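Here is a short report for a reader meeting this structure for the first time. Look it over, then read on.

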Amino acid sequence: MRYRLTFMTGLAVGYVFGTRAGRERYEQLRACAQRFVRNPAVRNTAESAALGGREAATKALGKVRPLRDKIAQRDSRAAAKEDDWGTSNT
């Protein structure tokens, strides 16, 4: 579905920039696009997608933080084992 929407958007943009139909046709397309954007169903869907994206990012952050802390602990232990020359004592 995403690819189809991307294709249709590209097609519409290409038509607008490539057309020789004149200002009147451009204004018709612009009005149609504005009606589409102002449609309550479109707005609700966009808001739902944004909320879902925020929730997914929050979940991902919750899983990444413990890994980041483990890596930081491992790095600090490894740094403590090195001498001034950057080599280990073993």
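## Fold and confidence

This is a predicted model. The protein chain has 3 helices and 0 strands. Read from the N terminus, its elements follow the order α-α-α. Helix α1 covers residues 2–18, and helix α2 covers 23–38. Helix α3 takes in residues 40–81.

How confident is the predictor in the protein chain? The average pLDDT is 82, and 82% of the residues score at least 70. Among the elements, α2 has the highest confidence, with a mean of 88. The lowest is α1, with a mean of 82.

## Surface

The protein chain holds 90 residues, and 0% of them count as buried. Buried here means under 20% relative accessible area. The chain exposes about 8,500 Å². Carbon and sulfur atoms supply 60% of that area.

## The largest pocket

The largest pocket holds about 550 Å³ of space. Its lining is made of 14 residues. Met8, Thr9, Ala12, Val13 and Ala33 lie nearest the centre of the pocket.

Which helix gives the most to this lining? Helix α1 does, with 8 residues. Both α1 and α2 supply at least two residues each. By type, the lining divides into 12 nonpolar residues, 1 polar and 1 charged.

## Arg30 in helix α2

Arg30 sits in helix α2. Is Arg30 buried, partly exposed or exposed? Arg30 counts as partly exposed, because its relative accessibility is 39%, and that class runs between the 20% and 50% cut-offs.

The side chain of Arg30 has a polar contact with the side chain of Glu27, at 3.1 Å. Along the chain, Arg30 and Val16 are 14 residues apart. Their C-alpha atoms are separated by 9.3 Å.

## Thr45 in helix α3

Thr45 belongs to helix α3. Its relative accessibility is 53%, so Thr45 counts as exposed. The cut-off for that class is over 50%.

## In brief

The predicted chain has 3 helices and 0 strands, and 0% of its residues count as buried. The lining of its largest pocket includes 12 nonpolar residues, and α1 gives the most to that lining.

Note on methods:
Residues numbered from 1 in each chain as written. Predicted model: local features only at pLDDT ≥ 70, side-chain atom pairs only at ≥ 80, totals over all residues. Heavy atoms only, no water. Helix = DSSP H or I, 4+ residues; strand = E, 2+ residues; numbered from the N terminus. Buried < 20%, exposed > 50% of the residue type's maximum accessible area, 1.4 Å probe, protein only. Areas by Shrake-Rupley, 256 points an atom, 1.4 Å probe, with all protein chains shown as cover. 1 Å grid on protein atoms, 1.4 Å probe; cavity = no way out; pocket = protein on both sides within 12 Å on 5 of 7 lines; lining within 4 Å. Points joined across faces, edges and corners; volume = space filled by probe spheres on them. Nonpolar A, V, L, I, M, F, W, Y, C, P; charged D, E, K, R; others polar. pLDDT = per-residue confidence, 0-100. Polar contact = N/O pair within 3.5 Å; in protein donor to acceptor, adjacent residues only side chain to side chain.
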